[in-house]
Amino acid sequence: MTTKEFLNQVELNIKRQFYEERFFDKVEVIQVWYCKTIQNHKGLFVIKELDTEKILPHFIEATYNGDKSELYLDFYNKVDKMTYKIS
């Protein structure tokens with residue numbers, strides 16, 4: 001699998017998980033981080049609603065296992081936000 005194929009599959013499957021076909025164009029999957037090692041791919045992604053420009057409180061880890069030709073998506077939700085003043 002190429003990098004482009006991985007990123008396309010991740011976007012398609014994330015949108016399938018969160019949205020029906022009619023809402024596909026209302027969200028953008030944003031790549032935060034990506035790495036390819038030998039035949040494996042891993043990436044971190046977030047979702048932005050295009051009409052509100054809001055980043056949703058979901059964090060998605062995508063892993064492609066090249067040995068098994070399997071794509072894994074792990075979905076995480078933001079639980080809390082802590083702010084610390086650094087002097």
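**View 1. The side chains of His 41 and Tyr 34 are joined by a polar contact of 2.5 Å.** In this predicted model, His 41 is a residue of strand 2, and its side chain also reaches the backbone oxygen of Met 1, at 3.0 Å. With a relative accessible area of 2%, His 41 is buried.

**View 2. The surroundings of His 41 include residues such as Met 1, Cys 35 and Tyr 64.** Leaving aside residues up to four places away in sequence, His 41 touches Met 1, Thr 2, Thr 3 and Phe 6, together with Tyr 34, Cys 35 and Lys 36, and also Ala 62, Thr 63 and Tyr 64.

**View 3. Thr 3, a residue of helix 1, is partly exposed.** Its relative accessibility is 31%, and, when residues up to four places away in sequence are not counted, Thr 3 touches Tyr 34, Lys 36 and His 41. Between the C-alpha atoms of Thr 3 and Tyr 64 the distance is 10 Å, although these two residues are 61 residues apart in sequence.

**View 4. Helix 1 spans residues 3-18 and has buried residues that pack against several strands.** The 16 residues of helix 1 reach 23 Å from the first C-alpha to the last, which is close to the 22 Å expected at 1.5 Å a residue. Phe 6, Val 10, Ile 14 and Lys 15 are buried in this helix; because they cover an arc of only 155° around the axis, they lie on the same side of helix 1. The strands against which the buried residues of helix 1 pack are strand 1 (27-37), strand 2 (40-49), strand 4 (58-65) and strand 5 (70-77).

Key: Residues are numbered from 1 along each chain as its sequence is written. This is a predicted model: local features need pLDDT of at least 70, side-chain atom pairs count only at pLDDT 80 or more; totals for chains, interfaces and linings use all residues. Side-chain values use heavy atoms; hydrogens and water are left out. Helices (H or I, at least four residues) and strands (E, at least two) are DSSP runs, numbered from the N terminus. The expected span of a helix is 1.5 Å times one less than its number of residues. Buried means under 20% relative accessible area, exposed over 50%, partly exposed in between (1.4 Å probe, protein chains only). The arc is that of the directions from the helix axis to the C-beta atoms. Contact means heavy atoms within 4.5 Å. A polar contact is a pair of N or O atoms within 3.5 Å; within protein, one must be able to donate a hydrogen and the other to accept it, and residues adjacent in sequence count only if both atoms are side-chain atoms.
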